[in-house]
Amino acid sequence: MTRELADITHLEPAWDLKAVRRDFPLLELQQDGRPLAYLDNAATTQKPRQVIDAISDYYRRDNANVHRAIYRLGARATEAYESARRTVASFIGAETDKGIIFTRGATEAINLVAYSWGRHNLKPGDEIVVTLMEHHSNLIPWQLLARDTGSTLRHIPLTPDFTLDLEAARKIIGQQTKLVALVHKSNVFGVENPVAEITNMARDAGALMLLDAAQSVPHMPVNVQQLDCDFLAFSGHKMLGPTGVGVLYGRPDLLDSMQPFQGGGEMIDRVTMESATWNDIPWKFEAGTPNIAQAVGLGAAMDYLTAVGMNNIHDYLGQLAGYTRERLQEMDFITLYGPPESSSGIVTFNVDGIHPHDLAQFLDQEAIAVRAGHHCAQPLMDCLGVAATTRASMYIYNTTAEIDRLIEALRKAHSFFN
Ligand SMILES: Cc1ncc(COP(=O)(O)O)c(C=O)c1O
């Protein structure tokens, strides 16, 4: 395997990397006569033909609206959609598919909890706890909720080496805490946060636990029962699936006790002109026609990732990020951000004297796609003392040869700008 792959990687992924790369039509894209090195996977991943085909096959063969149709085509569409829900439940180790709600993405999943649980359960004096490391998607919904309910939003700060300050967390999480909303894996540092410790603190305080798993479910095995979380949110498009679909996992008894999120078709049981009763979970939270084809595509993406193996993916992305950090450290004009231990698939840095936006543009000329900006984590940028950083994020098709191209291009950028 290693000899066969020597021209693209010196690592040893547990899968056939060349065959996997051939599954992704977009990786054949040439930019200025060179193959594009796509290193912006934390923003969104590319899609294999298995996912593209599942979506187009659904439209060619099974398309109808779900749940209401009496005819056989409608039954096939419903089965395709509900089968995707079962795939999700098994992928994240949920006890039942009743706890799997399809949303538009992680952002909508978190907003659902803020509306359906938060607005009916919080009052002045209650506290919601987040961390300084949150993506805006797991911060703004809680800011709005605190504003609307008179509750208070608090956050766990970072230690000088940019890990969560657990001593401070112990003081912040207490009897007044009703919810802890924690990013499982940072989209800026790639680091996995100590969920077990913080969940224990939340449990001792009698608080609920929500995990923003937008960067963890794509990168590592995630089991909601082992994590013992009440809610978990993620997006399909960061794990080979299409845009427009994501998941909220909720503990079924909790979901049962919550108010609906949006009103409309599907989410009702009996309606009069004056009032209505609600459908069972999960449909109570899926008002209107859902993103059926996208859910089918997400199911196909999970089948693909399961075949590759989530443990294998976690190992490989750790090695690839480790190699990237090592190579970046060869250059004294690079500042690396985040905890020192190697992270899974995400590396954040700056080049002395070059604004990240200029750098990203320069790299684009070299057919390398990275992200530059605040990564939807402005409070974390403030803590780092920068307005923006450059982020290279890898996925299952990336190679050390692409990282080597990035390193060469960074040397070239440094001499060009300085
Ligand atoms: C950690 C984290 N949370 C939430 C989100 C929001 O995901 P989406 O925009 O797909 O809803 C992202 C996206 O970058 C993320 O990285």
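# Close-up views

**Figure 1. Asp228 counts as partly exposed, because it has 15 C-beta neighbours inside 10 Å.** A residue is called buried when 20 or more other C-beta atoms, placed from the backbone, lie within 10 Å of its own, exposed when there are 12 or fewer, and partly exposed in between. This is a predicted model, in which local features need pLDDT of at least 70 and side-chain atom pairs count only at pLDDT 80 or more, whereas totals for chains, interfaces and linings use all residues. Residues are numbered from 1 along each chain as its sequence is written. Asp228 is found in the loop between helix H9 (224-227) and strand S9; helices (H or I, at least four residues) and strands (E, at least two) are DSSP runs numbered from the N terminus. Its phi is near 55°, a positive value in a residue other than glycine.

**Figure 2. Ala367 also has a positive phi, near 60°, in a residue other than glycine.** The residue lies in the loop between helix H13 (356-365) and strand S15 (368-369). With 18 C-beta neighbours inside 10 Å, Ala367 counts as partly exposed.

**Figure 3. A cis peptide bond runs from Ile281 to Pro282.** Its omega is near 5°. Pro282 belongs to the loop between strand S12 (276-278) and helix H11 (292-308). Most residues other than glycine have a negative phi, and most peptide bonds are trans.

**Figure 4. Seven strands form an open sheet with mixed pairing, in the order S4-S10-S9-S8-S7-S5-S6.** The edges are held by strand S4 (100-103) and strand S6 (152-156), each with a single partner strand, so one side of each is left without a neighbour in the sheet. From one strand to the next, the twist averages 20°. Two strands pair if DSSP finds at least two bridges between them. Strand S8 (residues 208-212) and strand S9 (residues 231-235) pair in the parallel sense over three bridges, and Leu210 stands opposite Phe231 in S9.

**Figure 5. The shell around the ligand holds 14 residues.** Gly105, Thr107, Asn187, Ala214 and Ser235 come nearest; a residue is near a molecule if its C-beta atom, placed from the backbone, lies within 6 Å of it. The shell divides into four nonpolar, nine polar and one charged residue. Here Ala, Val, Leu, Ile, Met, Phe, Trp, Tyr, Cys and Pro count as nonpolar, Asp, Glu, Lys and Arg as charged, and the others, Gly among them, as polar.

**Figure 6. An open sheet of four strands has the order S13-S14-S17-S16, with antiparallel pairing.** S13 and strand S16 (371-373) stand at the edges, each with a single partner strand, so one side of each is left without a neighbour in the sheet. The twist averages 30° from one strand to the next. Strand S13 (residues 334-337) and S14 pair over four bridges, with Thr348 in S14 as the bridge partner of Tyr337. S14 also pairs over four bridges with strand S17 (residues 389-393), where Thr390 is the bridge partner of Phe349. Helix H12 lies across S13, S14 and S17, running at about 15° to S14, while helix H13 lies across S14, S16 and S17, at about 160° to S16. Axes are lines fitted to C-alpha atoms, for helices over the stretch in contact, and angles run from 0 to 180 degrees between N-to-C directions.

**Figure 7. S14 is mostly covered, with six of its six residues buried.** Ile346, Thr348 and Asn350 point one way from the strand, and Val347, Phe349 and Val351 point the other way. In a regular strand the side chains alternate between the two faces of the sheet.

**Figure 8. His219 lies in the loop between S8 and H9.** His219 is buried, with 31 other C-beta atoms within 10 Å. Leaving aside its neighbours within four places in sequence, His219 is in contact with Lys185, Ile313, His314, Leu317, Ser344 and Gly345.

Note on methods: Contact = placed C-beta atoms within 7 Å.
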